[in-house]
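User: I would like to learn how to read side-chain pairings and nonpolar packing in a model. Could you take me through them step by step?

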Amino acid sequence: MILVSMMHNASENSIRSNNGLTTAMIFAAGLGTRLKPWTDHHPKALAPVNGKPLLQRNIEYLKTFGITNIIINVHHFAGQVIDFLNVNDHFNCNITVSHEKEEPLETGGGLQKAARFLEQHNPFFVINADILTNLNIKAMLAFHQQHQPLVTLAVTGRSASRTFLFTKKNQLCGWRNNASGQEKISIAGVESMPKAFSGIHIINPAIFALIAEEGKFSLVDLYLRLSVRHAIIGYDHSGDILIDVGKPEAIEQAEKHFH
């Protein structure tokens, strides 16, 4: 499993030398089964919205906030993603591809695999490739800097099949599958409020020293384990545009907002 630099003159040192929130990771390794039949022959990240692939839209979104050091994990039709980045000259960004060749490592494993590119002094931004939003990253970063948690999770009050649970003090304390009723509680005996996770995080790189999990694992389970002793808080951005482009019908909805 090799991390491949995708920009001439790109280097780990150039990523580490920047100040502020200038680094992000885009999760793009998933199989995209909900987006069939497109994903029978293409990676989900290249699904077009008004003719422009999701991955390009998110790279351009990050660039509007000065984020140009970008790590992208790939697995499903990885070659198509790499070719797309090459053809577009990496969108004038310092892009590194983390190729999960054997199998997709889920969000936790994918993050851990890219650790050496993210273990820097400053926090970094993470977004799923199939999320389109107008969330103000600078406002979320200001919130993160004010509260200094290990992780800030972008959440909203919308209804969802699965939700994170937060205490009155905004600390992550559990997870609930609203369809099945299954719950994972990390802090018991507290009043909790459900919030729907937006697939967007700001993470302090101190998290890497706390990861004991190996291989394939979910960030949800990692966050629940760490929330017992570490600050993992929610940033409510209800009112923003947020579209999970995971199903074909969601593309039609996204095209109404993203031109």
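User: Is Lys-216 buried, exposed or partly exposed?

Analyst: Buried means under 20% relative accessible area and exposed over 50%, with partly exposed in between (1.4 Å probe, protein chains only). Lys-216, at 42% relative accessibility, therefore counts as partly exposed. This is a predicted model, in which local features need pLDDT of at least 70 and side-chain atom pairs count only at pLDDT 80 or more, while totals for chains, interfaces and linings use all residues. Residues are numbered from 1 along each chain as its sequence is written, and side-chain values use heavy atoms, leaving out hydrogens and water.

User: With which residue does Lys-216 form a salt bridge?

Analyst: A salt bridge is a side-chain nitrogen of Lys or Arg within 4 Å of a carboxyl oxygen of Asp or Glu. Lys-216 pairs with Glu-103, their closest N and O atoms being 3.8 Å apart, and Glu-103 is itself partly exposed, at 37%.

User: How many salt bridges are there in the whole structure?

Analyst: The search finds 11; among them, Glu-183 pairs with Arg-176, with the closest N and O atoms 2.7 Å apart, and Arg-225 pairs with Glu-213 at 2.8 Å.

User: Which residues have the most contacts inside the largest nonpolar core?

Analyst: In soluble globular proteins, nonpolar side chains tend to be buried together. A nonpolar core is a set of buried Ala, Val, Leu, Ile, Met, Phe, Trp, Tyr and Cys residues joined through side-chain atoms within 4.5 Å. Here the largest has 37 residues, and Leu-55, Ile-59, Ile-72 and Phe-125 have the most contacts inside it. A second, separate core of 29 residues includes Phe-124, Leu-153, Phe-208 and Leu-224.
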